[in-house]
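Student: Hi, I've got a new structure to go through. Can you walk me through it?
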Number of protein chains: 2
Amino acid sequence: MTTLSGGAAQPRGILAPRSVAVIGASEDLTKFGGRIYKNLVHHRFSGAIYPINPKREQLLGIRCYPSIADTPTPPDMAVMAVPRDAVKDAVEACGAAGTRAAIVITAKFSDAGPEGAELERQVVAAANRHNMRIIGPNCLGIISPANDLVLCASPALFVDEMPKGDIGLVSQSGALMATIFDKAMARGLGFSHCFSIGNQADMDMCDFVDYLIEDERTRVICSYIEGIRDPARFIEAARRAHAAGKPWLAVKAGRTAFGAAAAFSHTASLAGSYQAFEAACRDCGVLTMDDPDAMVLLAASLARFPQARPKRVAIVTTSGGGGAVTADRLTDHGIALAQFSAETASELSEIYPANVAGSNPVDLGSAKQGGSLVVGASTLKPIITDTGSDLILSAITTAPDVELLCRRFDEATVAARDEGHVKPHIIVLQQGQSADAARSFLRSQKIIYTDSLDDAIRATEAWGRLADTKPATAPARPAAMEPVSLPEGLSGSVGEAEAKAFLGENGVPVNRGQIVGTAEQASEAAALLDGPFVVKVVSPDIVHKSDVGGVVLGLETPDDVARAVTRMGASIAQKLPDARIEGFLVQEMRTGKVELLVGARNDPQFGPMIIVGAGGVLVELLRDVAVAMAPVCEKKARSMIESLQIAKLMQGFRGSAELDIDAAAQAVSRISWIVSDIGPRFCELDVNPLLVAEAGKGCVAVDARILLDDN
Amino acid sequence: MTTLSGGAAQPRGILAPRSVAVIGASEDLTKFGGRIYKNLVHHRFSGAIYPINPKREQLLGIRCYPSIADTPTPPDMAVMAVPRDAVKDAVEACGAAGTRAAIVITAKFSDAGPEGAELERQVVAAANRHNMRIIGPNCLGIISPANDLVLCASPALFVDEMPKGDIGLVSQSGALMATIFDKAMARGLGFSHCFSIGNQADMDMCDFVDYLIEDERTRVICSYIEGIRDPARFIEAARRAHAAGKPWLAVKAGRTAFGAAAAFSHTASLAGSYQAFEAACRDCGVLTMDDPDAMVLLAASLARFPQARPKRVAIVTTSGGGGAVTADRLTDHGIALAQFSAETASELSEIYPANVAGSNPVDLGSAKQGGSLVVGASTLKPIITDTGSDLILSAITTAPDVELLCRRFDEATVAARDEGHVKPHIIVLQQGQSADAARSFLRSQKIIYTDSLDDAIRATEAWGRLADTKPATAPARPAAMEPVSLPEGLSGSVGEAEAKAFLGENGVPVNRGQIVGTAEQASEAAALLDGPFVVKVVSPDIVHKSDVGGVVLGLETPDDVARAVTRMGASIAQKLPDARIEGFLVQEMRTGKVELLVGARNDPQFGPMIIVGAGGVLVELLRDVAVAMAPVCEKKARSMIESLQIAKLMQGFRGSAELDIDAAAQAVSRISWIVSDIGPRFCELDVNPLLVAEAGKGCVAVDARILLDDN
């Protein structure tokens, strides 16, 4: 087996051991060591098994050793669930014995505060001194059906036989790994390897993903992620998985905890850590989902139909009610119901009465003659060959002999395949025990099914996103854009005038303006700008400028501007006598048809992210945003804008004019390059609004702020 | 048994028969008559059973009769699945024999077109001549565990024993009835009665609901609805169910089919038939849901905890990962995670380390000492008594001996109950077969659980809405508002000027205006209004007025208005020489801070509905609307406005002023009374936008249209 080769430090060598020691092995199933040992032996690991227990001669018929130093050959891998304070010595002993990897189940290390974290460092240091790697601590071990290797105490393994499959799973939660494994097994789905990775003190998620990328028995990679330790490695691993043709699916916990309250800007709350994670995943080819069971269902489907990228769903059902509920649910998730081709509709019209023939959902019960069993195969076959649909979702409710119906489906599928037609098909069995015979049949035939309509819909929705989930090509810098460097003197929180000047110098359209101190200067400044004009007071003490007459719009001439400054000064002096007035900003007044927000944020994990969304007052109402890793080229910026709900208003909505999406995309791309060029000092940027005018008339940033890190 | 009494035509007498005939009974399980008969006998109906089959002497040990005329006493109820064209004669024979109700399983009546509908009418007429009622046709019969009565062919009944429960179910889909029954049974949940009602040719949904309202063994009513036959009866039945303290839950198919394309107005697409159904349900006390299994889970919970109206959820979990996924999912659905009281936090801090104690979710695995089994009971008990949370959702993942954990939970629950504390608790078992022992235990103890996190979340979300789902009190007409009648001459599609004049006369603030023919008249009209002014062209041929210069805003003086009319006439004559110009509308220009849409629509089922939502360009973007049955009082109108997303912008958003919600609520209430007063001629009304100004400054309808039925 090729996976048994490889260097000592390579995951490939480490994760396919030829011999395994269980430290603290026993027959006591109330203990970790007892359950792990039982599962290992029960599932017939083909390599050498070394139970370590000084009190026993043998365990389950296998010779027992008093210590790891006593085994006939050094065990490639050891697993331990010893008390925390004994872990370091046990790891030392394993290392000294020549073990290449130790799985540490024991918890309360870095997961329990600074003291545990220090001990964890010592454990890893001890292991590394012996060129040994640590899996965990605080993990639940591994389940490798492809290697017949179970080093996991979970009662989910108390089964006669584990199914083998082509799905690899890496999980930061041990309990979820076992739960996912158990639930999948109930539906007849198996794995090649399941790794629970715990605190990742030494071996990190990407080590395991790397193994799965190389492993021939793995076709799809699933993961449950709580946090990314090394984003650069994560992105690299994602690219490798994509290059290897292995889809990588990820469920991440903590999607909804934004901590928006602490945000400096809109951008921070709109592109929190989960949004950044999601954008990074999409841009490097990892498909995000929100449910572990649905992830496994999709993984199994992808392993079966690797080329399919279905968007249009045909529903086949045994009852009108089941079809209606399913159609509603698909529509809720924005999934398109297929429209059958004329040919398919014609074939179905021979089976179904005119008022329903060719419509979707297809209710087997509405056939002209006979019930589901009679028309199951003859209905499914034309739908498999139909060119108007990409995926079949069978929503099965209680009906006589559902097992036989599933057999009819299978016959039609095999017949179609023999003629060269395949189409993804997810069967949903919504019944209780009355479908158990059907479930057994489907499992025996390795046909994909689920009991959960929700899982089927989630899998379908995610599958629809897969075509757009791929490693982004290196973005092109806009033509004629030089690398940007921060001007001297910009620091901390950079206000409107300075921020816009900086953006304007780097090719982002801004409305021109100047800060002046007197009415006379205001008039002179206006004479150099294009009217009409706006005057705004500049004061660190005035938050809501309009409330105190601190904003005047629509001034036609330089004289109007001068008068406005005089009146504004007097008005504020009266209303807020203590406010410090630093000057007056005289600007060109610009208008647009739609307000966008363009933001950027330096994500602590993934670096600069660019955000575009509905701006102005719509920011908080709509949360209508697209997020991507910066920089982005103009084409990508355009597709971000087009993905927004408010894109409708920019594309000739209800007879209104089309807006200048090209100009907006250029501005977004330039801003993304600017923040990327700034480098580590960049924290956040908010342009709100970017006014977008009609096609050919450009866009303009009329307000902007930048936050820089001065250290 | 009290339910055996009652008059012949009352559901109460009809649905609890003392004797039952099965027409076409046999031992052939491939046939409906065979399966129905088997299920009836197997589930030990205690009344008389009369199999009808001329070819047999006896069936399953029971004497068989050649025809229904031959039974020793007239059977109270007969069930038939005979060929369609034999149904009428069979019904005649039943009626002649003195049967009080016939269940017709046979399909292809009104469900299959006009010919079937005519036959269906004849069948009902034949039955009614004999004072007999028809259930169906095109139904799957009834399952009445409370009466030990099964008249249903579904293989879901091929079980030793059916659980009895206190949930009644009425379903327009027979297959879904059986599927819901089967799935519930797998989770240990039982029903009092399940009725599949088919085409409702004679007995209608409300007849069955009435029976469940009176039935002592039914505590909660569930329903699957495809359409309402008699909305007035539906509303009345809902009020009776509410008065009887029996929550009524409903899943309706066809939620997402709006037919918005064919709509006259925004209102029609925003308040399609499902929205009207949903509003009517809420306003008469029926709780709408979107999933049948979740409906049954909630029904079982409501039967157990009838007083609870939980809003704040405490999550208990066996793994951090399970808790994180659950917390994310609850947040997605807008459900609040509970904050434990200081007392609870203090009790939990004895079990959990400081960094997690008192936080929600509670991960049993993070306890200082021991695992889930050790701390299960001691953790649950303070959470049951906690004053900061209303419902416990236990998200259980794979763990050692989950059955024992469930026993610990049960001990804590019983101990708390003995001290007078109860709290709803939904246990979610996310595992596969490793939790089967736990499931058996929970079923045996009648403890509520589900395998589906989705169902648990849906049930929790719906439960949170129950407090607001109750029969509305009769709405009060606004003070000083007389009943409205349509002025002479209004008909068909009523344009802005006439519609606003009508609304203005009935107390809805509108901006004043006048249609004029010449520049001179325009100037005179403006002189009688308050400036600034707007001029709009009035033409049946111009849809997008702004595109051809047909709208001018911000005119200061009557002279400006006259000049604008002259220029507008010339501009349109040049751009659209064929457009008929009926005049120019000179109006007061009004501004507001927020634009609302106020609409109304005469729903074909539920009568006039009032809609309020985000107006202007936001209509299509946000679909941010509240719908209610009209008329509504001002208080209800206010709560509708406050339920909108854009209400944020009206309540002092980001330091801006509060807006005049009172005035807007008054306008909404008045409009709702106006459309109700108009009566059957009313079709649709659109006020868009209703501009809402700052508090105390009112609101104003600046555009309006009304559609009337002239026949």
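Student: Which residues touch the most other members of the largest nonpolar core?
Tutor: A:Leu249 and B:Leu249 do, out of 114 residues in that core. A nonpolar core here is a set of buried Ala, Val, Leu, Ile, Met, Phe, Trp, Tyr and Cys residues joined through side-chain atoms within 4.5 Å, and buried means under 20% relative accessible area with a 1.4 Å probe, protein chains only. Keep in mind that this is a predicted model: local features need pLDDT of at least 70, side-chain atom pairs count only at pLDDT 80 or more, and totals for chains, interfaces and linings use all residues. Side-chain values use heavy atoms, without hydrogens or water, and residues are numbered from 1 along each chain.
Student: What is A:Leu249 in contact with, leaving aside neighbours within four places in sequence?
Tutor: Its partners include A:Val220, A:Ile221, A:Leu287, A:Met289 and A:Leu302. Contact means heavy atoms within 4.5 Å. Apart from that core lies another, of 106 residues, with A:Leu618 and B:Ala600 among them.
Student: New topic: how does chain A superpose on chain B?
Tutor: By a rotation of 180° with 0.2 Å of shift along the axis, giving an RMSD of 0.3 Å. The same surface serves both copies, as 98% of chain A's contact residues recur in chain B.
Student: And what do the buried residues of H4(B) pack against?
Tutor: Helix H3 (84–97) and strand S7 (133–135) of chain B. Helices (H or I, at least four residues) and strands (E, at least two) are DSSP runs numbered from the N terminus. Among the buried residues of H4(B) are B:Leu119 and B:Val123.

Note on methods
Chains lettered and ligands numbered in written order. Buried < 20%, exposed > 50% of the residue type's maximum accessible area, 1.4 Å probe, protein only. Least-squares fit on C-alpha atoms with pLDDT ≥ 70 in both.
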